[in-house]
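Trainee: I would like to go through this model and ask what stands behind each label. Please put it up first.

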Amino acid sequence: MTIIDAHSHLWLKQDTSWNGKEIRSLKNGRSIFLGEEVQMIPPFIIDSVNSAEVFLSNMDYAQVTAAVVVQELIDGNQNDYLIDVAQRYPDRFIVCGMFDYFGNNIVEEVRALIDRGFKGIAIPGHRLITDDRRVMLNSPEMIAAFKLMEEKDVFLSITLADGAMQVGELQEVIEECPKLRIAIGHFGMPTIEGWKEQIKLARHDNVMIEAGGITWLYNSEFYPFPSAIQAIREAADLVGMEKLMWGSDYPRTITAITYRMSYDFIVKSNRLTEREKALFLGENAQRFYGIKHILDLPYIKNMSE
């Protein structure tokens, strides 16, 4: 089975802020996150560098052929690192660029990212709403940037604020840019009321839904995440399984589970057919992102088996 991760993160160092609060890497995988010390990544990553090489080791072990690396404001701008990663590992990573969402040169920044070779642009939409400001997805500047992306066939990876808060804005973007490939992340946040309004956007031909972070959303329930399977079934009933993609939200999710566990609960579920699993875990992403080279990664037996 082809397995492709539609939502992951990489960074060399966290050193930024959002909404006036600090995010900063410490040691042993910990970070200051919005004023609180948290275990951001597994504690055995003692230098707190979330590198492509460590991720590749996890991918090889879990037989994940490729990963889409998105960006988040809470990790700081990683454009320079990610374009280097894409150049060194072109068959394994598709990377997204990030621009200054609150700046005045949005179109120029997006054009520069495309010229550098980014195949996608990431927008953490929920971070565009702060205590003193809100950036609208359907503002004239944003629409102009999306039209440029549509023209250059650069996809948009976006997460939205809870429920339907930004659905109307993104609906307008979809109408203005009907050929812009859009992947909506975090599976619409299915633990929040109104999440299905985000899922319904995938009824448009150019829109997909990816499940990055779904194990985190049901972390209190833990493996094998039956409520996550239920959410996948409900989303498939709304838009069809061919519109849904798996994503891990690596590395934050693997402080609680292993990387393989972030999709293994789907493989072992008896509520999905084998065809549905193949579509969700890889075939849909392969089609949407245009991935042509699929590695045949062998299963490596655990010493404890």
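Mentor: Start with a term: two strands pair if DSSP finds at least two bridges between them. The model is a predicted one.

Trainee: What makes β11 and β12 a pair?

Mentor: β11 (residues 207-210) and β12 are joined by two bridges and run parallel. At least two bridges are required, so the two strands count as paired. Isoleucine 209 has leucine 244 of β12 as its bridge partner.

Trainee: Why are β1 and β12 called edge strands?

Mentor: The open sheet has eight strands in the order β1-β6-β7-β8-β9-β10-β11-β12, with parallel pairing. β1 (4-8) and β12 (244-245) each have a single partner strand, so one side of each has no neighbour in the sheet. Helix α1 (residues 52-62) packs on this sheet and touches β1, β6 (66-69) and β7 (93-97). The direction of α1 makes about 135 degrees with that of β7.

Trainee: How do you know that β2 and β3 are paired, and in which sense?

Mentor: Four bridges join β2 (residues 15-18) to β3 (residues 21-25), and the strands run antiparallel. Tryptophan 18 stands opposite lysine 21 in β3. The two strands form a hairpin with two residues between them, and asparagine 19 in the turn has a positive phi of about 55 degrees.

Trainee: What joins β3 to β4?

Mentor: Three bridges in the antiparallel sense; the requirement is at least two, so this is a pair as well. Isoleucine 23 stands opposite phenylalanine 33 in β4. Four residues lie between the strands of this hairpin, where asparagine 28 has a positive phi of about 60 degrees.

Trainee: Which strand pairs with β4 (residues 30-33) over four bridges?

Mentor: β5 (residues 36-39), again antiparallel. Arginine 30 has glutamine 39 as its bridge partner in β5. Two residues separate the strands of the hairpin, and leucine 34 takes a positive phi near 55 degrees.

Trainee: Why is alanine 228 called buried?

Mentor: The relative accessible area of alanine 228 is 0%. Buried means under 20%, so alanine 228 qualifies. Alanine 228 belongs to helix α8 (residues 226-239). Beyond its neighbours within four places in sequence, alanine 228 is in contact with Ile214, Tyr218, Glu221 and Phe265.

Trainee: Which other residues of α8 are buried, and what covers them?

Mentor: Besides Ala228, the buried residues of α8 are Ile229, Ala231, Ile232, Arg233, Ala235, Ala236 and Val239. The cover includes α6 (195-200), α7 (214-217), β12, α9 (261-267) and α10 (274-289).

Trainee: What is the volume of the largest pocket, and which residues are closest to its centre?

Mentor: The largest pocket holds about 600 Å³ of space. It is lined by 25 residues, and Phe33, Ile74, Trp216, Asp249 and Arg252 are the closest to its centre. β5 and α7 are the elements that give two or more residues to the lining.

Conventions:
Residues numbered from 1 in each chain as written. Predicted model: local features only at pLDDT ≥ 70, side-chain atom pairs only at ≥ 80, totals over all residues. Heavy atoms only, no water. Contact = heavy atoms within 4.5 Å. Axes fitted to C-alpha atoms, helices over the stretch in contact; angles between N-to-C directions. Buried < 20%, exposed > 50% of the residue type's maximum accessible area, 1.4 Å probe, protein only. 1 Å grid on protein atoms, 1.4 Å probe; cavity = no way out; pocket = protein on both sides within 12 Å on 5 of 7 lines; lining within 4 Å. Points joined across faces, edges and corners; volume = space filled by probe spheres on them.
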